[in-house]
Amino acid sequence: GEPAPEHASALYPQLLQANHLWAGTGGATLSVHPPSGEVILMGRLPLERLQAEHFVQVLDVFTDAAVYWRDRIRTDLTTRANAAPDPNHLAA
């Protein structure tokens, strides 16, 4: 999603912190799409690791990360501007 302009400056450092060693993204990567300003969560998985059981596990973690960041972006960040995401919440 796209953060409200008044919340973007508080959110962007949190996105960078979550990206550090993928600690707050469940192994995925957060970015900002320049034309739209939307925050994007992306993941990669080598073809040789696409066995059904492993894929389901990866997809579960990715989904948790996507929901977490979607909700965080939608939340009024003014009350959480100094609150860093829990680095262990989405550890890969």
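This is a predicted model: local features need pLDDT of at least 70, side-chain atom pairs count only at pLDDT 80 or more; totals for chains, interfaces and linings use all residues.
User: How many bridges join strand 1 to strand 2?

Analyst: Strand 1 covers residues 29-32 and strand 2 covers residues 39-42. The two run antiparallel. Within this pairing, Ser31 has Ile40 as its bridge partner, and Leu30 stands opposite Leu41. The number of bridges joining the strands is four.

User: Which residue in the hairpin of strand 1 and strand 2 takes a positive phi near 80 degrees?

Analyst: Six residues lie between the strands of this hairpin. The one with the positive phi is Gly37.

User: What is the phi of Leu21, and is the residue buried or exposed?

Analyst: Most residues other than glycine have a negative phi. Leu21 sits in the loop between helix 1 and strand 1, and has a positive phi of about 55 degrees although it is not a glycine. Its relative accessibility is 62%, above the 50% cut-off, so Leu21 counts as exposed.

User: Which residues make up the largest nonpolar core?

Analyst: In soluble globular proteins, nonpolar side chains tend to be buried together. Here the largest such core has eleven residues in all. They are Leu11, Leu15, Ala18, Ala28, Leu30, Val39, Leu41, Ala65, Tyr68, Trp69 and Ile73.

User: Which element gives the most to this core?

Analyst: Helix 1 (5-19), strand 2 and helix 2 (52-74) each supply at least two residues. Strand 2 has Val39 and Leu41 on its covered face, and both are in the core. With four residues, the top contributor is helix 2.

User: How are the rings of Tyr68 and Trp69 arranged?

Analyst: The count of aromatic pairs comes to one. In that pair the ring centres of Tyr68 and Trp69 are 5.3 Å apart, and the planes stand at 90 degrees. Planes over 60 degrees apart meet the cut-off, so the arrangement is edge-to-face.

User: Are Tyr68 and Trp69 buried or exposed?

Analyst: The cut-off for buried is under 20% relative accessible area. Tyr68 has 18%, while Trp69 has 2%. Both values fall under that cut-off, so Tyr68 and Trp69 are buried.

User: What volume does the largest pocket have?

Analyst: Rolling a probe the size of a water molecule over the atoms shows where empty space is left. Of the 16 residues lining the largest pocket, the closest to its centre are Gly26, Gly43, Arg44, Leu45 and Val58. The volume of this pocket is about 360 Å³.

User: How many residues of its lining are nonpolar?

Analyst: The lining of the largest pocket includes five polar and two charged residues. The nonpolar residues of this lining number nine.

How values were computed: Residues are numbered from 1 along each chain as its sequence is written. Side-chain values use heavy atoms; hydrogens and water are left out. Two strands pair if DSSP finds at least two bridges between them. Rings of Phe, Tyr and Trp (its six-membered ring) pair if their centres lie within 6.5 Å; planes under 30 degrees apart count as stacked, over 60 as edge-to-face and the rest as tilted. Buried means under 20% relative accessible area, exposed over 50%, partly exposed in between (1.4 Å probe, protein chains only). On a 1 Å grid over the protein atoms alone, a cavity is a set of points where a 1.4 Å probe fits but cannot get out, and a pocket is an open set with protein on both sides within 12 Å along at least five of seven lines; lining residues have an atom within 4 Å of a point. Grid points are joined across faces, edges and corners, and a volume is the space filled by probe spheres set on the points. Ala, Val, Leu, Ile, Met, Phe, Trp, Tyr, Cys and Pro count as nonpolar, Asp, Glu, Lys and Arg as charged, and the others, Gly among them, as polar. A nonpolar core is a set of buried Ala, Val, Leu, Ile, Met, Phe, Trp, Tyr and Cys residues joined through side-chain atoms within 4.5 Å.
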